[in-house]
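Let us walk through it together, piece by piece.

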Amino acid sequence: MRGLLSPGHERAGDTAIRRLEPRLELIRTWCQPFGAIADIGAHEGLLARWLAHDGHVVWATELTSGGFRELCRGVAGSSVVVRQGNGLLPILKVPVDVVILAGLGGQTIRRILRRRGDMMSQPLYIVQPIPDALTFHQVVAAEGWTVVRADIAQYRGRYYPTWMLTMSGPPHNLEVEEAFIPREFCQAAGYAGWLERERDRRRLTLRYHQTERLIQELGLLEQELARIKGG
Ligand SMILES: C[S@@+](CC[C@H](N)C(=O)[O-])C[C@H]1O[C@@H](n2cnc3c(N)ncnc32)[C@H](O)[C@@H]1O
């Protein structure tokens, strides 16, 4: 039945899999050079299925038993290996090259990454926090992560900053501007658009709720946007 493809699906060997959103397609592309990949909080396992189709060894995890059932249903018939558990716990003893943490909040990702020292392997981490990516940048800066890659996926007017990270060296202290402005994304097509969105959010909040911190952040965003436009 090769001719019959449901809308939004793509052919993947003998089956059809729902097409990925651009933010997950970016992650799929970044995974290409690597063998073994873990997707933490994989939900229904759509990205995991595509990665398995691409030839990677894939582990996919979910936190709750309901989520785990959904994941099992989603990847049934594929080679994806499923595990239930919190964050990195189910894969501590699994040799993986890359760990994906996408679609989780920045604080959840930060908590999950605290267990990275217990991992048997020293993987790269692909991180796509939703929605608080600008806050997560401060974690990247303050905890001394090394940015291997950084790009911003865009879809339907939304911005999805995404990092590939590795841990190197001890935490270092950064100047306020360096910690707040996410310059690692300055080559990304969506950089100015994302910062404008963050600026507008702060302008709106400041109409109702003034804090020193918000005023300072707004100033830094405006400076950076002026720098981009000037240069
Ligand atoms: C919004 S979905 C994102 C799914 C997918 N990663 C994506 O980017 O589309 C977040 C998923 O992470 C799971 N999750 C949340 N906290 C988790 C944790 N600590 N460990 C594992 N999974 C978690 C949730 O159950 C949910 O299915």
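The paragraphs below go from the domains to the sheet, then to the ligand and a few backbone details.

Please keep in mind that this is a predicted model. The chain is divided into two domains, with domain 1 covering 9-173 and domain 2 covering 190-231. Their C-alpha centres lie 29 Å apart. Where they meet, five residues of domain 1 are in contact with six residues of domain 2. On the domain 1 side, strands E8 (145-155) and E9 (158-167) each supply at least two of the touching residues. That side divides into four nonpolar residues and one polar residue, with no charged ones.

Now look for the sheet. Seven strands make up an open sheet with mixed pairing, and their order is E5-E4-E3-E6-E7-E9-E8. At the edges you will find E5 (81-84) and E8, each of which pairs on one side only. Ignoring direction, neighbouring strands are turned by 20 degrees against each other on average. In general, strands of a sheet pair through backbone hydrogen bonds, in either a parallel or an antiparallel way. Here, E3 (residues 36-40) and E4 pair in the parallel sense over five bridges, and Asp39 stands opposite Ala60 in E4.

Helix H2 (residues 46-53) lies across E3 and E4, and runs at about 170 degrees to E4.

Which residues come nearest to the ligand? Of the 16 residues around the ligand, they are Gly41, His43, Leu63, Ala102 and Gly103. Strand E4 (57-62) and helix H4 (106-113) are the elements that give two or more residues to this shell. By type, the shell divides into six nonpolar, nine polar and one charged.

Arg156 counts as exposed because it has 6 C-beta neighbours inside 10 Å, and the class takes in 12 or fewer.

Finally, a cis peptide bond joins Ile130 and Pro131, with omega about 10 degrees. Pro131 is found in the loop between E7 and helix H5 (133-142).

Methods
Residues numbered from 1 in each chain as written. Predicted model: local features only at pLDDT ≥ 70, side-chain atom pairs only at ≥ 80, totals over all residues. Near = placed C-beta within 6 Å. Helix = DSSP H or I, 4+ residues; strand = E, 2+ residues; numbered from the N terminus. Nonpolar A, V, L, I, M, F, W, Y, C, P; charged D, E, K, R; others polar. Domains from an automatic or database assignment. Contact = placed C-beta atoms within 7 Å. Pairing = 2+ DSSP bridges. Axes fitted to C-alpha atoms, helices over the stretch in contact; angles between N-to-C directions. Buried ≥ 20, exposed ≤ 12 C-beta atoms within 10 Å, placed from the backbone.
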